[in-house]
Amino acid sequence: MASLREVKDRIGSVRSTLQVTSAMKLVSSAKLRKAQKVIEGMRPYADALSEILAAVGPLEQEAVAADAPVAVVVISSNTSLCGAFNANAIRAALELKDKYRELVYFPVGKKCAEAVRRAGYAPESDYSDLIAHTSYDKASAFARALIERYEKGEFSKILLVYNRFISTSVQRPTVETYMPFSLSSAVSAEVEQEDFIFEPDAHTIAVDLLPQMICLKFYAALLDSEAAEQAARTVAMQTATDNGEHLLADLTLEYNKGRQQKITSEILDLVGGASQE
């Protein structure tokens with residue numbers, strides 16, 4: 001049985017940990033609300049853009065180099081303490097090696113970069129800043145550079161792997177074909193062309209809007225992943241806090257029982273000593 005001193009030290013350690021997990025839960029909850037607000041503000045624009053492109057269609061693109069490697073853009077976090085968030089995205093990304101002959105990984109996040117290196121792949125660069133300071137300009141620049149390489153024939157396909165935000169308790173690992181671009185994956189409802197009046201013409205609008213749609217798709221994946229990360233961290237810290245409080249209650253009970261036993265033993269010793277005099 002642990003001594004009272006050891007139990008008291010453990011109680012202090014658990015209390016310190018609870019302060020950390022409670023603070024992290026509050027911070028993650030605030031960041032989650034902000035991320036949800038950004039997504040809600042972006043999705044109406046993305047939906048309207050998809051409807052216009054659906055009316056213009058068809059816009060499906062064919063692979064330009066069928067024998068080239070497959071590029072995999074996998075999005076994780078830069079830090080841990082977010083439950084299975086990173087592990088789910090990493091697992092989905094690494095499982096692709098069983099499906100494709102040759103892969104080139106573009107890890108966006110320090111955690112997936114570490115996992116990719118451990119798996120024997122060498123990322124070209126560090127893209128963790130894309131999620132450390134998420135912005136459309138940086139996301140668009142990365143997406144355009146990657147698409148340019150695809151159009152040059154360096155890749156036969158580009159895949160996006162990330163956690164899609166469904167709700168605070170649900171984050172779904174997702175693998176999407178980024179290039180060749182298919183509008184069917186970007187719009188859920190068919191729109192008739194006669195619903196729109198095009199100026200100057202449908203083809204010109206398609207040429208202008210398609211690059212924006214492709215860049216927006218990658219930016220949306222970053223925002224989805226960011227919201228999913230904060231949701232996963234909020235739940236993980238809430239679970240850790242609950243477990244810590246249960247452990248603290250058990251340790252406090254053990255400590256109080258130990259003190260009671262010690263006091264009882266000391267009283268018995270005093271009574272025993274007095275009776276012998």
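View 1. The model is a predicted one, in which local features need pLDDT of at least 70 and side-chain atom pairs count only at pLDDT 80 or more, while totals for chains, interfaces and linings use all residues. Residues are numbered from 1 along each chain as its sequence is written, and side-chain values use heavy atoms, with hydrogens and water left out.

**View 2. Length and end of helix α5.** Helix α5 covers residues 136-151, and its end C-alpha atoms are 22 Å apart, in agreement with the 22 Å that its 16 residues should span at 1.5 Å a residue. The expected span is 1.5 Å times one less than the number of residues. Helices (H or I, at least four residues) and strands (E, at least two) are DSSP runs, numbered from the N terminus. Just after α5, G153 takes a positive phi of about 95°.

**View 3. The aromatic pair Y105 and Y121.** The whole structure holds eight aromatic pairs (rings of Phe, Tyr and Trp, the last by its six-membered ring, with centres within 6.5 Å; planes under 30 degrees apart are stacked, over 60 edge-to-face, the rest tilted). One of them is Y105 with Y121, edge-to-face at 4.8 Å centre to centre and 70° between the planes. The pair links distant parts of the chain, 16 residues apart: Y105 is in strand β2 (residues 103-108), and Y121 is in the loop between α3 (110-118) and α4 (129-132). Y105 is buried at 3% relative accessibility, whereas Y121 is partly exposed at 24%.

**View 4. The aromatic pair Y127 and F142.** Y127 and F142 form an edge-to-face pair, 5.1 Å centre to centre with 70° between the planes. Y127 lies in the loop between α3 and α4 and F142 in helix α5, so the pair ties together parts 15 residues apart in sequence. Y127 is buried, with a relative accessible area of 14%, and F142 is buried at 11%.

Conventions:
Buried < 20%, exposed > 50% of the residue type's maximum accessible area, 1.4 Å probe, protein only.
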